[in-house]
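Dear colleague,

I am handing over the structure we spoke about, and I would be glad if you could read the notes below alongside it.

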2 protein chains.
Amino acid sequence: MPRIKIISVGKTKERWLQDALQEYLKRLKPTLEMEFQWSQSDAGLLSLAAKEKHIICLDPEGKMMDSVTFSSYFQEQLEKSGARLTFLIGGAEGIPQEIKKAHPLISLSRMTFTHQMTRLILVEQIYRATEILKGSGYHK
Amino acid sequence: MPRIKIISVGKTKERWLQDALQEYLKRLKPTLEMEFQWSQSDAGLLSLAAKEKHIICLDPEGKMMDSVTFSSYFQEQLEKSGARLTFLIGGAEGIPQEIKKAHPLISLSRMTFTHQMTRLILVEQIYRATEILKGSGYHK
């Protein structure tokens, strides 16, 4: 089963966000394993990232895609990575330059979201990607 | 006090989303009034929209902006509308063409979000816009 890790800065305290994430994790359970990791700082992000093989950075300068394009991209990256993929979400300072230089960058929007909200949107897009790939009715 | 209305198709059943919206509504309370309206269908959307004077449509074909640009746009539209502004979020079929032709279109992302999530993201961007305009530290 594919394993997706999302690393971000700062742990979620909001109850609603945990509930929302739980809802999508439940739906994703038959399809893929999802793991969250947190770092306290940018330095922490560097050391966590160093342990990962296949990283995709969420960054305002990254490539923007619609959801169907993202689903193909997601599948392609899963294959390339042997189904072990890590997404990185930066904190207020963004992702350190040295990580960004070494990995592909994608962007969810031109707008700035809280990094908690970014995590939720990413999880929903990953769920949407799996549904698009299955050909279900979720993505209308 | 400015009054913002968000009209969307289909009422929110998710508890987490209501909690999330409440959190932002509470924060917005000293700055602006926010009202939600729902229609059951596209036809309902048409009749609700007919009662509104200043409408902004959320649409995949709409103009994309970063959050700072959105804050200026938001302020400009508030002024133009006499502080009575309505945002429209379509259902699975999107916003009917006849409404879209008559009003400005903006887009939050190239990606497709659930319309519930779209509402949350919009509310957060409106809150972010007010904080940017105040010069607070929310938008780092």
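**Contacts and fold of chain A**

In chain A, 85% of the contacts with a separation of 6 or more are between residues 24 or more positions apart. Please keep in mind throughout that this is a predicted model.

The secondary structure of chain A amounts to five helices and five strands, and from the N terminus on these elements follow one another as β-α-β-α-β-α-β-α-β-α. The five strands form an open sheet in chain A, in the order S2-S1-S4-S3-S5, and their pairing is parallel. Strand S2 (33–39) and strand S5 (105–107) of chain A stand at the edges of this sheet, and because each has a single partner strand, one side of each is left without a neighbour there. From one strand to the next, the twist averages 35°.

Looking at one pair in detail, strand S1 (residues 3–9) of chain A is joined to S2(A) in the parallel sense over seven bridges, and within this pairing A:Ile6 stands opposite A:Phe36 of S2(A). Helix H5 (residues 115–134) of chain A lies across S1, strand S3 (55–64) and strand S4 (84–89) of chain A, and runs at about 165° to S1(A).

**Overall dimensions and core**

As to overall dimensions, the C-alpha trace of chain A spans about 40 × 35 × 30 Å along its principal axes. The radius of gyration of chain A is 14 Å, which agrees with the value near 14 Å that a compact globule of 140 residues would have. Of the 140 residues of chain A, 33% count as buried.

The largest nonpolar core has 66 residues, of which A:Leu58, A:Leu88, A:Leu122, B:Leu58, B:Leu88 and B:Leu122 touch the most other members. If residues up to four places away in sequence are left out, A:Leu88 touches A:Ile7, A:Ala49, A:Ile55, A:Cys57, A:Leu58, A:Ile95 and A:Ile99.

**The two copies**

The same surface serves both copies, since 100% of the contact residues of chain B recur in chain A.

With best regards

How values were computed
Residues are numbered from 1 along each chain as its sequence is written. Chains are lettered from A and ligands numbered from 1 in the order in which they are written. This is a predicted model: local features need pLDDT of at least 70, side-chain atom pairs count only at pLDDT 80 or more; totals for chains, interfaces and linings use all residues. Two strands pair if DSSP finds at least two bridges between them. Helices (H or I, at least four residues) and strands (E, at least two) are DSSP runs, numbered from the N terminus. Axes are lines fitted to C-alpha atoms, for helices over the stretch in contact, and angles run from 0 to 180 degrees between N-to-C directions. Two residues are in contact if their C-beta atoms, placed from the backbone, lie within 7 Å. The radius of gyration is taken over C-alpha atoms; the globule rule is 2.2 Å times the number of residues to the power 0.38. A residue is buried if 20 or more other C-beta atoms lie within 10 Å of its own, exposed if 12 or fewer, and partly exposed in between; C-beta atoms are placed from the backbone. A nonpolar core is a set of buried Ala, Val, Leu, Ile, Met, Phe, Trp, Tyr and Cys residues joined through C-beta atoms within 7 Å.
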